[in-house]
Amino acid sequence: MLLALEKPKVSGTSVSVPVVMDFQGRLSKGVTAHLGLDGFSLITDLATSEGASLSIQFCFARDFAYMSLAGRVESVIEEEGGPTRLWRVVARFTGLAHPERAILASCLQEFKSATASKRRQTKGAGSKLQSRPGPIISLFVTDNPYLLCYQKNGPPSLHIALAAPRSHRDIQRGHQGTSVRTTPPRLSWRIIPQTIGLLAQLVRDLLILVLPRAAARRLAPSITYAVIVHPRDLSDISRKFPFAHFLPSRVVQTWLRYQWPCLGSCITGLKGRDGNEIVGAILISPLTTEQMIRDPRLARKRVYQTARLAEKMGARIVGLGAFTSIVTKDGKDLQGKVEAGLTTGNAHSAAIAIQNVLNAAVLTNLSLPYATAAIVGGAGSVGSACAKLLSPLVAKLILVDIKKEELKKVLQQLHGHPCQLVGTPCMDAVKEADIVIAVTNSPRTLITAEHLKPGAIVIDAAQPKNVSDQIPLQRRDVLVIESAIVQTPGLNCHGEKLGLAVGEALGCMSETMILARMGWQGHYSLGKADPKQAAEMIKIGRELGFRLAKFRNSEGYITETDLTRVARARRAKSVCV
């Protein structure tokens, strides 16, 4: 460690450019002190480790191509004399190729020319220099080794039929997406043994619920953790139970009201610290979202029964997925009623949404320190955590929520943050946002094409979805990303009917997996999500190899062409303004 008096400097230009940082899942904003062809130094309140590998992305004022550089932290020195604790981080570029070096040299020369021009103009009496952004608007620096990088052909295709179609037509693209046509089951003799097998499984699950634990363990697969999910609508029921497709919808709805919880699938591939496999399960609470809203008392009863089924199977930690956390008041209604630890997945869901924002901003050349962000559902469990994570990084933050008292509380908690804060119940406020995050507990579509400005980044982190499936079709100038999916290498949720490929999991699932891997005892993320827990989930998830899945929406996977089109639409709009 160098002494404070021996502060190293990077040869180059003294220039102040805002820097957004992601170190070990913790987020902050700083400013550069020096920028050169060999590296840079920055001042920040977020320290990192000496020798850490970095990824550095530049947000350019002009239409440069996406450029990602590698670097390494050379020194981290505490600044002295200030009222707050600050650090000077010095990093060196590694493996800088000739094209990147030429672009940086051009930018540095422009910075030097602008500085010299400013000095000449300030010598004149009364002269004023109109401030304008330099060639580099901002930097994004992270020690995340899995930063997304898109090739011209897009992500490799997944040869599976992803379920839950959300578009009115089939995908007409050269790669497979998250929304594909599902062929209705045909009535044939084959459905008879399939139906008998499914009914036998339901009987087994009922016996597990009613028998003593010792007897139930003989019937149930042994698990360590479980995730509770539920059907979004009746089409999800038909995917799990094909015979339901041939029944009237009223009959299916009545059946679901009296149906007990059941096993969806087992989760395999997660390894403990000792190398042994940690098996989990996806358990289905049978009520649809609409039924849960209409009868929350019955919904809570079914979620409780599903948690009890998890305990009978041996689960020590249970995740409450999608609407099951909302109907149980973020798990608080189950406290003291179940022995297993509970978690809502809210912390990791918030972290994943913000990580999607960071990566999408980098890949579409959006400078977060000058951006306006809107969070629809900003007073909710996930939304309030997203607000606390994002507020230090953006220029303006708009929180949209109909719960005025809760919204007021969140705004008070954010008081003192450097960004401009706005709270409103009006959806039209999102029209000025460069970034829109949807995280409400509403089962309805709230955001349509008319709500979005050109070049907007839209993160749909709600379950059920809050963003219209038609936006990718109607607005090619905006970027819609479904935020819920995480890549989990080596794991298999056997969740084809959930739209998951091998090595993928939903965000609420991945939080439960991480806690199971940690050997966590007791409850974790109940109530409103804690930003500290969100950072912890990202850090540990990265250590396990968990990372963001490739961007996708109702029209399929997002390619480099899509990202470039959105970036140009935003730039064209800013030039016109």
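Reader: Over how many bridges do β6 and strand β7 (residues 87-94) pair in the antiparallel sense?

Author: Start with the rule: two strands pair if DSSP finds at least two bridges between them. Here, β6 and β7 pair over eight bridges, in the antiparallel sense. V76 stands opposite V89 in β7. Before going on, note that this is a predicted model, in which local features need pLDDT of at least 70, side-chain atom pairs count only at pLDDT 80 or more, and totals for chains, interfaces and linings use all residues. Residues are numbered from 1 along each chain as its sequence is written, and side-chain values use heavy atoms, with hydrogens and water left out.

Reader: What counts as a strand or a helix?

Author: Both are DSSP runs, numbered from the N terminus: helices are H or I with at least four residues, strands are E with at least two. This chain has 15 helices and 24 strands.

Reader: Which strand pairs with β6 (residues 68-78) over five bridges?

Author: That is strand β5, residues 53-60. This pairing is antiparallel too. Q57 stands opposite S68 in β6.

Reader: How do side chains sit along a strand?

Author: In a regular strand they alternate between the two faces of the sheet. Take A91, which lies in strand β7. Is it buried or exposed? A91 is buried, with a relative accessible area of 0%. Buried means under 20% relative accessible area, exposed means over 50%, and partly exposed lies in between, using a 1.4 Å probe and protein chains only. A91 and V76 are 15 residues apart in sequence, and their C-alpha atoms are 9.0 Å apart in space.

Reader: What is the strand order in the open sheet?

Author: The order is β21-β20-β22, three strands with antiparallel pairing. β21 (504-506) and β22 (547-548) stand at the edges, each with a single partner strand, so one side of each is left without a neighbour in the sheet. Strand β20 (residues 485-487) pairs with β21 over three bridges. I485 stands opposite L506 in β21.

Reader: Now helices. How far does α2 reach?

Author: The expected span of a helix is 1.5 Å times one less than its number of residues. Helix α2 (residues 191-210) has 20 residues and reaches 29 Å from its first C-alpha to its last, close to the 28 Å expected.

Reader: Which residues of α2 are buried?

Author: They are I191, T195, L198, L202, D205, I208 and L209. These residues cover an arc of only 140° around the axis, which puts them on the same side of α2. The arc is that of the directions from the helix axis to the C-beta atoms. The general idea is simple: an α-helix has 3.6 residues a turn, so residues three or four places apart point the same way. On the other side of α2, I196 and V210 are exposed.

Reader: What do the buried residues of α2 pack against?

Author: They pack against α3 (213-219), α4 (234-240), β10 (262-271) and α7 (296-312).

Reader: Where is V303, and what is it in contact with?

Author: V303 is in helix α7. At 0% relative accessibility, V303 counts as buried. Contact means heavy atoms within 4.5 Å. Leaving aside neighbours within four places in sequence, the contacts of V303 include I228, S285, M292 and L320.

Reader: How many salt bridges does the structure hold?

Author: The idea first: side chains of opposite charge can pair when their charged atoms come close. A salt bridge is a side-chain nitrogen of Lys or Arg within 4 Å of a carboxyl oxygen of Asp or Glu. The structure holds 22 of them. One joins R88 and E79 at 3.2 Å, N to O. R88 counts as buried, at 14% relative accessibility.

Reader: Which residue forms a salt bridge with D333?

Author: R300 does, the closest N and O atoms being 4.0 Å apart. D333 lies in the loop between α8 (323-327) and β13 (341-343) and R300 in helix α7, so the pair ties together parts that are 33 residues apart in sequence. R300 counts as partly exposed, at 29% relative accessibility. Elsewhere, salt bridges that share partners join D22, D143 and R542 into one network.

Reader: What share of the chain is buried?

Author: Buried residues make up 55% of the 577 residues.
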